[in-house]
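Reader: I'm new to this one. Could you walk me through a few of its features?

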Amino acid sequence: MGLSLSTTPQRTPLFAAHHKLGARLIDFGGWEMPVQYTSIVDEHLAVRNAAGVFDISHMGEVIVSGPYARQFLNGLLTNDVGKLQLGRAQYTLMCNSRGGTVDDLYLYEIANETYLMIINASRIDADLDWMQSALVEFPDRAGVTIENISDSFGAVAVQGPKVVSFISDIFSGKGKFGTEVPTELAKNEIGAFSFCGEEVFVTRTGYTGEDGFEILAPAETIESIWNRVLDAGKAHGIKPCGLGARDTLRTEVCYPLYGHELDESTSPVEAGIGFFVSFDKGDFTGRSILFEQKATGVSKRCIAFKMNGKSAPPRPHYPIWSAGPDAKRIGDVVSGTQSPSLSCGIGLGYVPPQFNQPDTAIQIEIRGQLAPAIVVRKPFYKKKT
C-alpha cells in the first residue's frame, strides 16, 4: 500500500477522532493514517451496501488562478481544461516530457479564472516543484498564481449507495454554483455549501466505484463535519473506513493508485487511461510521446487478472509468468488483494501487449509457487443499479 519508512509521519486534523474510534494507525506515504477500525472486509462491504466515511485530509490542495491560468494548465495537463465550466470537475494527469506521469489529479473550476487541484499526498512537493518550473518557462507567467493551501484544509470522502439519503442534511442554506443541496450535484460537479457558518466545498466524486461525495473544509472545521457525517449516517449503516478498504474498493473498480499503476516512468496510455488525454486541444507536456504511443503501440500494458482456484491473494511486486510448458516471467503485479465483493484474489499488473487480451492464461508467483490466473476485462466490479 505504498507505506513510507519515515520516522516522523504527519497527522491530519482528524488524528484525535481516529484514536477515539479505536482505529489501527499506520505510516502511509509519510502520514499517520487509519488502515482500519473494525476490519477491512467489514468497512469495504459497508461502502458497497450502505455508506462509509474516509479521512482524505492528507491529499494536497493547490489553487491556480489568474487571467492566464487556463492556458497554463492546458499546457501542463492531459485533459482539456477548456471544457471545464464553473462548478465542474475533470480527472486529468500531469506528465513529464517523456510521457511519464508526474501525478494524477482532479481539477475543479471554482471561480472565474480560478482552479482547484486535488493532488496525491505523496506528490505535493514534487507537483509544486514541477509546476513552478513549468511556470518559469510559461510566456505569460505574470498572469498565473500558484498557491499551496494543503495545510489549511481537511477533507472527507462519504461513499456508498445510501449517502444520498443523508448528505444534504449536513448543510444549511442554499448552495452556490447553481445547486441548492449536494444531492443536486451531478457526477463530477462541485458546489459550495454552508456548515456552521463556514463555506465548504462538496463535490460528487470518489475513489470507490460507488456514488458519493467529498467534502473539503477548513482544517479547524473538518472534525465537526466528520462527527456530523457519522451522526447523520448512523441510521443508514455508515461506518468509518480506513486505507485498507479504500485500497480494496479502488482495486475492484481498477482505479489507479500513484506509485502502483502510475509513476514517472509509466504513461497514461500504458496504464490504460488514455481516455483522459486530449490530443486535439493543442500542445501539452508529453503530448508527442503519448501520441506516438497511441499510434504505434507500447511495450507494456496494465492488465486486470483474477486468480483461478484456491491460492493466497496476489500482492504488489509478485512476478507474473506466462502459462504453458515454456513459461517465462513477463511482468509484475502492481496492485493485488483478496476481493471482498467477489471472494477471490484479484490484481493489476504490467505485461507485454500480447498478454493483454481477456481470457489469456497467466501465472502469479506467490511465495515461490506459480498459481494460475486469467486476464479479465476491467473493472472487476460494477456498481449495482
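Predicted model: local features only at pLDDT ≥ 70, side-chain atom pairs only at ≥ 80, totals over all residues.

Reader: Are the rings of Tyr91 and Phe276 stacked or edge-to-face?

Author: A pair of aromatic rings is described by the distance of the centres and the angle of the planes. For Tyr91 and Phe276 the centres are 4.7 Å apart. Their planes meet at 80°, and over 60 degrees counts as edge-to-face, so the pair is edge-to-face.

Reader: How many residues apart in sequence are the parts that this pair ties together?

Author: Tyr91 sits in strand β5, while Phe276 belongs to the loop between α7 and α8. The pair therefore links parts whose separation in sequence is 185 residues.

Reader: Is Tyr91 buried or exposed?

Author: The cut-off for buried is under 20% relative accessible area. Tyr91 has 13% relative accessibility, so it counts as buried.

Reader: Which strands are at the edges of the open sheet?

Author: Five strands make up this sheet, running β5-β6-β7-β4-β8 with antiparallel pairing. An edge strand pairs on one side only, and that holds for β5 (89-95) and β8 (145-148).

Reader: And which helix packs on the sheet?

Author: This helix touches β4, β5, β6, β7 and β8. Its direction makes about 170° with that of β8. It covers residues 124-137 and is helix α4.

Reader: What should helix α5 span?

Author: Helix α5 has 12 residues, at 1.5 Å a residue. The expected span takes one less than the number of residues.

Definitions and conventions:
Residues numbered from 1 in each chain as written. Heavy atoms only, no water. Helix = DSSP H or I, 4+ residues; strand = E, 2+ residues; numbered from the N terminus. Pairing = 2+ DSSP bridges. Contact = heavy atoms within 4.5 Å. Axes fitted to C-alpha atoms, helices over the stretch in contact; angles between N-to-C directions. Phe/Tyr/Trp six-rings, centres within 6.5 Å; stacked < 30°, edge-to-face > 60°. Buried < 20%, exposed > 50% of the residue type's maximum accessible area, 1.4 Å probe, protein only.
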